[in-house]
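Work through the exercises below with the sequence and the model side by side, trying each task before reading its solution.

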Amino acid sequence: MDLMVHSSTFLLPDFPADNGFSLLYSLVVLNQPLPKFTPLLWNRARFRVCADGGANRLYDEFPQLFPDEDAFAIRKRYKPDVIKGDMDSIRAEVLEFYSNLGTKTIDASHDQDSTDLHKCVAYIRDLPNLDKQNLCILVAGALGGRFDHETGNINILCCFSTIRIVLLSDDCLIQLLPSSHHHEIHIQSSVEGPHCGLIPIGMPSKSTTTTGLQWDLTDTEMRFGGLISTSNIVKGEIVTIRSDSDLLWTISIKKA
């Protein structure tokens with residue numbers, strides 16, 4: 001079974017020129033309060049998409065993160081490549097502002113069977129000349145707010161299980177660890193941890209084994225209604241995980 005390596009180097013203030021993982025980042029901005037480090041994610045990304053009302057968040061909240069600079073200049077600097085979704089949340093003046101700057105807008109209101117995040121991830125996936133193998137989609141504002149929205153965002157990890165997707169808030173990140181691979185997570189202790197968790201998703205895990213955690217698992221069964229590995233703690237620089245089912249990995253993000 002192949003090894004998949006993970007690292008949150010995209011959270012580091014000084015992003016290494018060669019991050020050792022050769023990932024190509026894209027960013028999706030959702031309609032929830034944005035992490036204060038979202039400009040950092042923006043600078044890491046090659047492609048940026050706002051999901052419908054996520055454009056309102058970009059327009060309203062980014063100038064607040066740069067209080068000493070002109071709001072108009074900030075909005076021009078952080079211009080999304082695409083705004084896509086049902087277009088039922090974005091304000092008219094925000095849509096007009098970004099359209100005038102050249103942002104592409106896509107009204108996908110005809111599709112009521114998928115969420116705005118689903119629409120945006122599918123759009124990025126289908127971009128031509130994109131290295132899908134090394135693609136990593138960062139999703140800002142994915143956690144918090146209404147629980148049904150949050151659950152829908154977690155479901156996207158399963159819908160696109162062959163794509164690296166990281167859901168982010170100010171407090172934590174969540175990503176899928178597919179059972180098709182063994183996993184090695186390089187902990188960036190200056191920006192994340194120590195609290196972490198492993199949660200079976202889709203079906204129980206009959207056998208999960210880890211190293212690098214305070215409470216490691218050894219051929220452990222995990223299921224809802226039984227044991228799940230929440231409130232664990234990373235103890236080393238590398239965590240390894242082997243499981244017979246897909247797992248969610250979550251780790252806390254340190255406040256700046």
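**Exercise 1.** At roughly what angle do the axes of helix H2 and helix H4 cross?

*Solution.* This is a predicted model, in which local features need pLDDT of at least 70 and side-chain atom pairs count only at pLDDT 80 or more, while totals for chains, interfaces and linings use all residues. Residues are numbered from 1 along each chain as its sequence is written, and side-chain values use heavy atoms, with hydrogens and water left out.

Begin by locating the two helices, H2 at residues 54–65 and H4 at residues 92–100, whose axes come within 10 Å and cross at roughly 80°. Helices here are DSSP runs of H or I with at least four residues, strands are runs of E with at least two, and both are numbered from the N terminus; axes are lines fitted to C-alpha atoms, for helices over the stretch in contact, with angles running from 0 to 180 degrees between N-to-C directions. H2 and H4 are therefore roughly perpendicular to each other, a label given to angles of 65 to 115 degrees.

Next, look at the residues that meet, with contact meaning heavy atoms within 4.5 Å: Ala 55, Asn 56, Leu 58 and Tyr 59 in H2 face Val 94, Phe 97 and Tyr 98 in H4. Sorted by class, this contact has six nonpolar residues, one polar residue and no charged ones, where Ala, Val, Leu, Ile, Met, Phe, Trp, Tyr, Cys and Pro count as nonpolar, Asp, Glu, Lys and Arg as charged, and the others, Gly among them, as polar.

**Exercise 2.** Decide whether His 6 is buried or exposed, and find its contacts.

*Solution.* First place His 6 in strand S1, which spans residues 3–7. His 6 is buried, because its relative accessible area is 3%; buried means under 20%, exposed over 50%, and partly exposed in between, using a 1.4 Å probe and protein chains only. Then list the contacts of His 6 beyond four places in sequence, which include Arg 164, Gln 175, Leu 177 and His 183. With Gln 175, the side chain of His 6 makes a side-chain polar contact at 3.0 Å, a polar contact being a pair of N or O atoms within 3.5 Å, where within protein one must be able to donate a hydrogen and the other to accept it, and residues adjacent in sequence count only if both atoms are side-chain atoms.

**Exercise 3.** Where does Ser 8 lie, and which residues does Ser 8 touch?

*Solution.* Ser 8 is found in the loop between S1 and strand S2 (24–29), and Ser 8 counts as buried because its relative accessibility is 5%. Leaving aside neighbours within four places in sequence, the contacts of Ser 8 are Leu 173, His 186, Gln 188 and Glu 192.

**Exercise 4.** Which backbone features stand out at Met 87, Asp 219 and Pro 194?

*Solution.* Start from the general rule that most residues other than glycine have a negative phi, and most peptide bonds are trans. Met 87, in the loop between strand S4 (82–85) and H4, has a positive phi of about 60°, and Met 87 is buried at 18%. Asp 219 has a positive phi of about 50° and lies in the loop between strand S11 (205–211) and strand S12 (220–222), where Asp 219 counts as exposed at 55%. Finally, the peptide bond from Gly 193 to Pro 194 is cis, with omega near 5°, and Pro 194 belongs to strand S10, residues 192–200.

Terms used: Angles under 35 degrees count as roughly parallel, over 145 as roughly antiparallel, 65 to 115 as roughly perpendicular and the rest as oblique.
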